[in-house]
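This note collects several points for a colleague who is about to examine the structure. They are numbered so that each can be checked against the coordinates in turn.

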Amino acid sequence: MAVQRIDHPLVQHKITLMRDKMTGPKEFRELVAETAMLMCYEATRDLPTKEIEIATPMGVAKSKIISGRKLAFVPILRAGLGMMDGLMTLVPAAKVGHIGLFRDTKSHEPVEYYVKLPEDIAERDVIVVDPMLATGHSAVQAIRILKQAGVANVKFMCIIASPEGIAAMQAAYPEVDIYCGAEDQGLNADAYIVPGMGDAGDRIFGTK
């Protein structure tokens, strides 16, 4: 498994703005979507292409199009929804599944409450998205659900990751590549990433 840390200046600038506790829900949502779109550009770098001939106003050009692999995005609810506008702007033909997990406040383990996947999910390359990779438990559970549905090729994309979350993913699914914008110092006693950017779901939806 490769951990791809996306250090593009635009990504890093937007992460800095997201970290600021004074950033309100509207701006935070916009930043999450914009950052997801920029990161998806890197996460899809290995998509295969084929060359075709196409008529331009001035003649015939040999040019490339994406070929041979269909994509699906699967956000982990609810915070992962905040990344979808940016992803769908970049890849509008992708299908979308949803996996709903919430974290038990005592055990910090994920509790599944909703799964809805495209019927042809097993035929697609899947990118699972969640703004934060904290303990890694939710990400591991989401990937387990996808593997059980027959998905062979999975990537995971987050904005901020913890070393603990990366280690949990590596232990459970070493073949899954992780794309993150920043790796922070670790988790606090409540399993939140420090310094992080707080509860991404609450900040996206303004529920705190």
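1. Asp-202 and Arg-78 form a salt bridge, with 2.5 Å between their closest N and O atoms. Asp-202 belongs to helix 6 and Arg-78 to the loop between strand 4 and helix 3 (84-90), so the contact ties together parts that are 124 residues apart in sequence. The model is a predicted one, and side-chain atom pairs are counted only at pLDDT 80 or more.

2. Lys-147 is partly exposed at 26% relative accessibility, and Glu-175 is partly exposed with a relative accessible area of 44%.

3. Between Lys-70 and Glu-123 there is a salt bridge with a closest N to O distance of 3.4 Å. The pair connects distant parts of the chain, 53 residues apart, with Lys-70 in strand 4 and Glu-123 in the loop between strand 7 and strand 8 (124-129). Lys-70 counts as partly exposed at 38% relative accessibility, whereas Glu-123, at 56%, counts as exposed.

4. How many salt bridges are there by this rule? The count comes to 12. Salt bridges with shared partners join Lys-70, Lys-95, Asp-120, Glu-123 and Arg-124 into one network.

5. Helix 4 spans residues 137-148, which makes 12 residues, and reaches 16 Å from its first C-alpha to its last, close to the 16 Å expected at 1.5 Å a residue. Its buried residues are Ala-139, Val-140, Gln-141, Ala-142, Ile-143, Ile-145 and Leu-146. In an α-helix there are 3.6 residues a turn, so residues three or four places apart point the same way. Just after helix 4, Gly-150 adopts a positive phi of about 100 degrees.

6. The largest pocket holds about 710 Å³ of space. It is lined by 30 residues, of which Phe-102, Arg-103, Ser-138, Tyr-192 and Asp-199 are the closest to its centre. The elements that give two or more residues to this lining are strand 4 (70-77), strand 6 (98-103), strand 9 (132-133), helix 4 and helix 6 (200-205).

7. Which residues make the nonpolar surface patch of about 320 Å²? They are Phe-102, Tyr-113 and Tyr-114. Phe-102 is also among the residues closest to the centre of the largest pocket. Tyr-114 is found in strand 7 (residues 110-116) and counts as partly exposed because its relative accessibility is 39%.

8. Is Met-58 buried or exposed? Met-58 is exposed, since its relative accessible area is 80%. It is found in the loop between strand 2 (49-56) and strand 3 (59-66). Met-58 and Ala-139 are separated by 81 residues in sequence and by 49 Å in space, C-alpha to C-alpha. Ala-139 is one of the buried residues of helix 4.

Notes
Residues are numbered from 1 along each chain as its sequence is written. This is a predicted model: local features need pLDDT of at least 70, side-chain atom pairs count only at pLDDT 80 or more; totals for chains, interfaces and linings use all residues. Side-chain values use heavy atoms; hydrogens and water are left out. Patches are made of residues with over 30% relative accessible area and no salt bridge: like charges are joined within 9 Å, nonpolar side chains (Val, Leu, Ile, Met, Phe, Trp, Tyr) within 5 Å. Accessible areas come from the Shrake-Rupley method with a 1.4 Å probe; for residues, only the protein chains shown count as cover. A salt bridge is a side-chain nitrogen of Lys or Arg within 4 Å of a carboxyl oxygen of Asp or Glu. Helices (H or I, at least four residues) and strands (E, at least two) are DSSP runs, numbered from the N terminus. Buried means under 20% relative accessible area, exposed over 50%, partly exposed in between (1.4 Å probe, protein chains only). The expected span of a helix is 1.5 Å times one less than its number of residues. On a 1 Å grid over the protein atoms alone, a cavity is a set of points where a 1.4 Å probe fits but cannot get out, and a pocket is an open set with protein on both sides within 12 Å along at least five of seven lines; lining residues have an atom within 4 Å of a point. Grid points are joined across faces, edges and corners, and a volume is the space filled by probe spheres set on the points.
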